[in-house]
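Let's take a friendly walk through this model. Keep the structure open beside you as you read.

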Amino acid sequence: MLEKEIKKLPKKEILKIFRLFNKNWMTVDGLWFLVVENEFGVEAAKKVNLKVSELMAPVMAKRIMKTLGLKGEKIQELAKALSFIVWASIQKIEFKKLSKDSFLMRVVDCVPQKTRIREGKEEFPCKPMGIVFLSNFAKTVNPKFKVECLRCPPDPHPKNVWCEWKFYV
């Protein structure tokens, strides 16, 4: 039913619905973490989040690769696949090609972190989760692809870059 209705809509409306779905997913992601954090403590929430990230990365990578018809032979295909992760439509993520075998990915506007700060919480130390998710995502696209964290909370960072990752062969 929903698919039939969406097909009738103009492209602009479809994009609004796409953003709505992603925003709703981000809300669920944030709320489950908040509930676990409030009920069982931040360490329990971090432990669960780390395991979910580990399991989720290959599933997302495979689905994105299949949907976009990517083979994962070139590092720039990894950049393209990462640009379709669910967070990419909500947060501002920039990609910068460094060479034919490497690129940078920067999160310049991090909605979850800004929400935590707005609610009086400290920045979430998401570096371990980022390493697990992004390394598993990259490895799923191509086992030769590697990731290096250049900065990510709890690391200090400028206001215009929350985290920065280098991907390379």
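## Strand partners and the sheet

Lys-146 has Tyr-168, in strand 4, as its bridge partner. Strand 3 and strand 4 (residues 163–168) run antiparallel and are joined by 5 bridges; strands here are DSSP runs of E, at least two residues, and helices are runs of H or I, at least four residues, both numbered from the N terminus. Two strands count as paired if DSSP finds at least two bridges between them.

The model is predicted: local features need pLDDT of at least 70 and side-chain atom pairs pLDDT 80 or more, whereas totals for chains, interfaces and linings use all residues. Residues are numbered from 1 along each chain as its sequence is written, and side-chain values use heavy atoms, without hydrogens or water.

The open sheet has 4 strands in the order 1-2-4-3, with antiparallel pairing. Strand 1 (92–99) and strand 3 (146–151) are at the edges with a single partner strand each, so one side of each has no neighbour in the sheet.

## Aromatic pairs

A search of the whole structure gives 7 aromatic pairs (ring centres of Phe, Tyr or the six-membered ring of Trp within 6.5 Å; planes under 30 degrees apart are stacked, over 60 edge-to-face, the rest tilted). Phe-95 and Phe-103 are tilted because their planes stand at 50°, with centres 6.1 Å apart.

Phe-103 and Phe-167 are stacked, because their planes are at 15°, with centres 4.9 Å apart. Phe-103 belongs to strand 2 and Phe-167 to strand 4, so this pair ties together parts 64 residues apart in sequence.
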